[in-house]
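Here are a few notes to read alongside the model.

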Amino acid sequence: MAHRNHLYFYYLKDEDTDEKVSQLTEVAQSKGYKIVDHTDEANIIVSIGGDGTFLQAVRKSGFRQDALYVGITREGESGLYCDFNLDNFNEMLHLLMHEELEVRRFPVIKTRINNGTDHYCLNEVSIRSTIVKTIVIDVLIDDCHFETFRGDGLIVSTPTGSTAYNKSANGAVVDPLIPSFQVSEVASLNNNQYRTLGSSFILNKDRKLTLNIQSTGNDHPIISLDNEANPIRKIDSIEVEMDDAVIKTVKLKNNSFWDRVKRTFL
Ligand code: NAP
Ligand code: MN
């Protein structure tokens, strides 16, 4: 790995964080790091805030494959994507400068709406009805019809996204070492006309999932890509696949995914 010393700080501006960032800037500069103004010039992108901020840092910087992402929480915050706290910023810089740096690789999903351009997601893509009526979705696995869903919506999550929206919908928590994606239902209607599996299911990374939205007078559902709403109004189809793209983060010793799950939920 080439020497990484161009840092970009991503955070939501407020007085307190501004102050913290200028302190961090000084520390980083004194250790030979250069602070850059644009994510394109950075090879280390530091998010300061919780998981929501980390998701934005990754999205706004375009899911950089050649950069390392670092999540730093502020006081009182914790996060599944954040290994560091403002208090151990020095330790983080120290880790970055050393060769035995451990890096995590989080699989991401690639979604295509209405056969348009591809968008990566780190947590999930979700589709939800925005009106009182249900939405009807044909679910295809590898181009074969699997089920027809009718209800509030569907969530397709990555392993790291499995602890977010997916978990609230009773999905399983998936180890990010397993490149796979999971489909979870939001309030499916089940009767003699409509029947869905009723449980979440996990697909291998080489599968293709297609969601075809039936026109039933409810064709303006909301699609969210992580914490951003997609502006496309009329949705016909969503394709989800997984390629080799990953989000790389710096790993703190003795802080595995399951340690963080335990810390967050148990
Ligand atoms: P938010 O409303 O602040 O997020 C909801 C909560 O989810 C926050 O506590 C957030 O942590 C946490 N979170 C985000 N990613 C997570 C992950 N991978 N594992 C565990 N917790 C996670 O909105 P946001 O901060 O912009 O986050 C967007 C995410 O919220 C979406 O990607 C979706 O997964 C989730 N969401 C959940 C529900 C639900 O559970 N019913 C509904 C809509 C969206 P921080 O406080 O550290 O940001
Ligand atoms: Mn949040």
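1. Which helix gives the most to the shell around ligand 1? Helix 2 does, with 3 residues. Helices here are DSSP runs of H or I, at least four residues long, and strands are runs of E, at least two, numbered from the N terminus.

2. A word on the basis: this is a predicted model, where local features need pLDDT of at least 70, side-chain atom pairs count only at pLDDT 80 or more, and totals for chains, interfaces and linings use all residues. Residues are numbered from 1 along each chain as its sequence is written, chains are lettered from A and ligands numbered from 1 in the order in which they are written, and side-chain values use heavy atoms, leaving out hydrogens and water.

3. Around ligand 1 sit 16 residues (a heavy atom within 4 Å). The side chain of S168 has an N or O atom 2.5 Å from a ligand oxygen, while a backbone N or O atom of D51 lies 2.8 Å from an oxygen of ligand 1.

4. On to salt bridges (a side-chain nitrogen of Lys or Arg within 4 Å of a carboxyl oxygen of Asp or Glu): the structure has 14. D83 pairs with R104 at 2.6 Å. D83 lies in the loop between strands 4 and 5 and R104 in strand 6, so the pair ties together parts 21 residues apart in sequence.

5. Buried or partly exposed? D83 counts as buried, at 8% relative accessibility, whereas E77 is partly exposed at 26% (buried is under 20% relative accessible area, exposed over 50%, partly exposed in between, with a 1.4 Å probe and protein chains only). E77 meets R74 in a salt bridge at 2.8 Å.

How values were computed. A polar contact is a pair of N or O atoms within 3.5 Å; within protein, one must be able to donate a hydrogen and the other to accept it, and residues adjacent in sequence count only if both atoms are side-chain atoms.
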